[in-house]
Amino acid sequence: MLRPIVHLALGITCLAMVSIVTATDGDKPGQHAVASAHPAATAAGREILDGGGNAFDAAIAVAAALAVVEPYSSGIGGGAFFLLHRAASGADIFVDARETAPAAATADMYLDAQGEFVRDRALNGPLAAAIPGVPAALAHLASRYGKLPLTTSLAPAIRLAKEGFAIGPRYKMMAGFRTKAFSASPAAAEIFLRDGVAPEVGARIVQLDLAATLESIASDGAESFYRGALAERLVAGVRAAGGIWTLADLAGYAVKERPPIVTMYHDIKVVSAPPPSSGGIVLAEAFNILERYDLAALSEVDRVHVVIEAMRRAYRDRADFLGDPDFTTIPTARLLAKAYADSLAKDLSLETATPSAALPAIGIKPEGEDTTHFSVLDADGNRVAATLSVNYPFGATSVPPGTGVLLNNEMDDFSARPLTPNAYGLVGAGANAIAPGKRPLSSMTPTFLITPRRIGIIGTPGGSRIISMVLIGALEFARDLPPSEWVSAKRFHHQYLPDEVQYEKGGLSEGLQDALAAKGHSLKELTRNYGNMHAVLWDKRAGVVDAASDPRGEGGAQVWRPQP
Ligand code: DON
């Protein structure tokens, strides 16, 4: 039910913000690049890179700064996926900092006595909050991959929290959307609203408790969040407001490193997010289907049709098979096999849409509209694609008093009841049912695109539409276009169920609409645009580093040469 947000169109139609620098050395980019959803977060990454940090230190700084200046999207009280590439070893590493369900969570915790799903419980207040992963991730990145101490890499975020930042139109829109939900948490409303309503553009948000929480993580590590006085305050605040967290839940949280999903699309090596993200597998299945077609030789309508049909089939499998891999057996090798794509594509007609009901039945799955993505490349070639979330705008709209930590509502990414859609219209079943300690299935899809000549770093927020956006952006990369084109490409989406092609306002021309309808597609134009993609390209052969922020958002992309 993101519709209320959807109606709050920002109407931003500016050009993608782009930054390009030409390099000299083919082995290393020789310059840094950061693209994120907020200029202050991009500046935080720049400060850390200029101060001798690497891409991983910069990722810590950007993530922490976004937690301060974009609180409706991600935060210390939320979760994240960080896809890393270490230039020195060539290794690609996926850091899974997804939230986990508290031990007292039960499969039916959001159902009333009649077995009906109570949406409010899964979205608003601490009962909707899973155990945060971001503090552990920041400490993990610093100790294992960074060069700088957290006291340095968290400094820009601490400064922003103490000094405050001026809000933009996006903040105002999100706060307006969540005003009513905030009324249940005075501690949260006091920080994020003004006299109970959304602040005006330009108002300053100061977060002293959050600054103190970040300072204790900086000086004492993640332990200071997951154990001790802060943990006690978090648990007390959560429980006083109806939540079920325990000290043991916090103490038991751990990030996990997992092998990324790797697939080839023609000559592009796609490195992406493994479960508990659905992104990498759905992307790979869609690419495997698309590889069977010469997209460049198809008419525009046939090309869009084939992409829609690939999305439909890949999202069906998401609903059927995907969940937390520590709880659910996922037939990954089978789903990624090229021969499997042959079977998926055998009933794909160029003439007519395949009704979703004609695909094998399943017990379906879900997702959302706030979250954030950033991309970092450093001069040595280290890179980070990171997507972070509190799920719904401003998460659970609840802050345990004295912590400054805005709680996520990621529990809604579980399937609360078989076939009951979550806030974003996705449905699921057993593979993504709620269980203690389990990670809710995500669509967050931080991705690297690699050819012998070019390397792309890409991702976006957007709930279930994340994966289709990354697919469309990657197809622009495949056409050898620059990041400004990946982030601004028109967006359309099919997620198997509901059986409709959703497209952003103006996303399909009238001619395409008519031609797709004639093939049997049911079309739904959304009332606004969606997504907020931030991408970086390193073109080794041309010696160019280029970065772009989505024109739909308020982000900032910078490319610059390190000072000698
Ligand atoms: O993990 C997920 O898939 C969702 N919690 C992401 C939500 C989201 O992207 C909201 N978007 N704009």
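Buried means under 20% relative accessible area, exposed over 50%, and partly exposed in between (1.4 Å probe, protein chains only). Select Arg 227: at 44% relative accessibility, this residue counts as partly exposed.

This is a predicted model, where local features need pLDDT of at least 70, side-chain atom pairs count only at pLDDT 80 or more, and totals for chains, interfaces and linings use all residues. Residues are numbered from 1 along each chain as its sequence is written, and side-chain values use heavy atoms, with hydrogens and water left out.

The term means a side-chain nitrogen of Lys or Arg within 4 Å of a carboxyl oxygen of Asp or Glu. Glu 223 is partly exposed too, at 47%.

Next, select Arg 98 and Glu 99. They form a salt bridge with the closest N and O atoms 4.0 Å apart. Both residues are buried.

Now show the open sheet. Seven antiparallel-paired strands run in the order β7-β4-β3-β11-β10-β2-β19. Strands are DSSP runs (E, at least two residues), numbered from the N terminus; two of them pair if DSSP finds at least two bridges between them. Look at β7 (256-258) and β19 (556-560): each has a single partner strand, so one side of each lacks a neighbour in the sheet.

Finish at Lys 256, in strand β7. Its salt bridge goes to Asp 326, at 2.7 Å between the closest N and O atoms. Asp 326 lies 70 residues away, in the loop between α15 (300-321) and α16 (332-336).

Technical notes
Helices (H or I, at least four residues) and strands (E, at least two) are DSSP runs, numbered from the N terminus.
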